[in-house]
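Hi there,

Here is the structure I promised to pass on. My notes on it follow below, with the cut-offs spelled out as they come up.

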Amino acid sequence: MGEQAVTGAGATPAPEQMPDSGGEDAAAAVGSAPAGPTTAGMTADGRAATQTAVPGAGMAADAGGASAAAQERTADLVPGPGGVMTDEVGVVTGELTLRTGYADGQVTLSVRYKDADEWYTVTGGRVALADPAGLDAVHGIAVALLHRPEG
């Protein structure tokens with residue numbers, strides 16, 4: 001990322017290229033920076049953050065990765081005859097919005113009347129999902145199953 005000088009054969013490599021046996025930053029090993037733990041993230045108390053296996057994690061808030069965060073997808077639909085059964089109010093019909101939400105390893109399907117505020121859980125619309133990358137596929141299948149404007 002930084003500039004590197006081109007040197008002749010047998011020249012000493014730049015500090016950022018030098019391996020170190022102490023496990024600290026190479027620049028610190030040659031005395032150009034203070035010794036101490038290095039981190040890629042930010043900390044509130046000045047102590048080094050614990051390492052995570054999240055590539056590119058730049059802040060402590062990112063330590064869980066995007067996959068751990070709650071996610072959702074929405075789509076407007078018109079169900080076929082019989083509507084959509086919900087746990088809270090029974091069958092809902094007409095123009096609806098479907099929300100496919102992912103949180104804590106679970107996908108939950110909810111519907112609401114289009115442009116309304118209150119969401120209702122679709123009966124049987126809760127399932128475990130190990131990989132949140134599958135959320136788009138689950139949402140697409142749910143929309144395909146429920147959107148039946150022609151009946």
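Thr108 is buried, with a relative accessible area of 17%; buried means under 20%, exposed over 50% and partly exposed in between, using a 1.4 Å probe and protein chains only. Thr108 belongs to strand 5, residues 106-113. Helices (H or I, at least four residues) and strands (E, at least two) are DSSP runs, numbered from the N terminus. Apart from neighbours within four places in sequence, Thr108 is in contact (heavy atoms within 4.5 Å) with Arg99, Thr100, Gly101, Thr121, Gly125 and Arg126. Between Thr108 and His139 there are 9.9 Å, C-alpha to C-alpha, and the two are 31 residues apart in sequence.

Before going on, please note that this is a predicted model: local features need pLDDT of at least 70, side-chain atom pairs count only at pLDDT 80 or more, and totals for chains, interfaces and linings use all residues. Residues are numbered from 1 along each chain as its sequence is written, and side-chain values use heavy atoms, with hydrogens and water left out.

**The overall layout**

The protein has two helices and six strands, in the order α-β-β-β-β-β-β-α along the sequence. Of its 151 residues, 23% are buried. Among contacts with a separation of 6 or more, 39% join residues 24 or more positions apart.

**The core**

The largest nonpolar core has 13 residues, and Val84, Val92, Leu98 and Val111 touch the most other members. Such a core is a set of buried Ala, Val, Leu, Ile, Met, Phe, Trp, Tyr and Cys residues joined through side-chain atoms within 4.5 Å. Two or more residues of this core come from each of strand 1 (71-77), strand 4 (96-103), strand 5, strand 6 (120-128) and helix 2 (135-146). Helix 2 gives the most, with three residues. As for Val84, its contacts beyond four places in sequence are Pro79, Gly90, Val91, Val92, Leu96, Val111, Val122 and Leu146.

**Helix 2**

Helix 2 has 12 residues and reaches 16 Å from its first C-alpha to its last, close to the expected 16 Å at 1.5 Å a residue; the expected span is 1.5 Å times one less than the number of residues. Which residues of helix 2 are buried? They are Leu135, His139, Ala142, Val143 and Leu146. Seen down the axis of helix 2, these buried residues fall within an arc of 100 degrees, so they line one face of the helix; the arc is that of the directions from the helix axis to the C-beta atoms. They pack against strand 1, strand 2 (84-86), strand 4 and strand 5. Ile141 and Leu145, on the other side of helix 2, are exposed.

**Loops and rings**

Most residues other than glycine have a negative phi. Asp104, in the loop between strand 4 and strand 5, has a positive phi of about 55 degrees and is exposed at 76% relative accessibility. Asp115, in the loop between strand 5 and strand 6, has a positive phi near 70 degrees and is exposed at 68%.

Finally, the charged end of Arg99 sits over the ring of Trp119, 4.2 Å from its centre; the rule asks for NZ of Lys or CZ of Arg within 6 Å of the ring centre and within 35 degrees of the ring normal.

Best wishes
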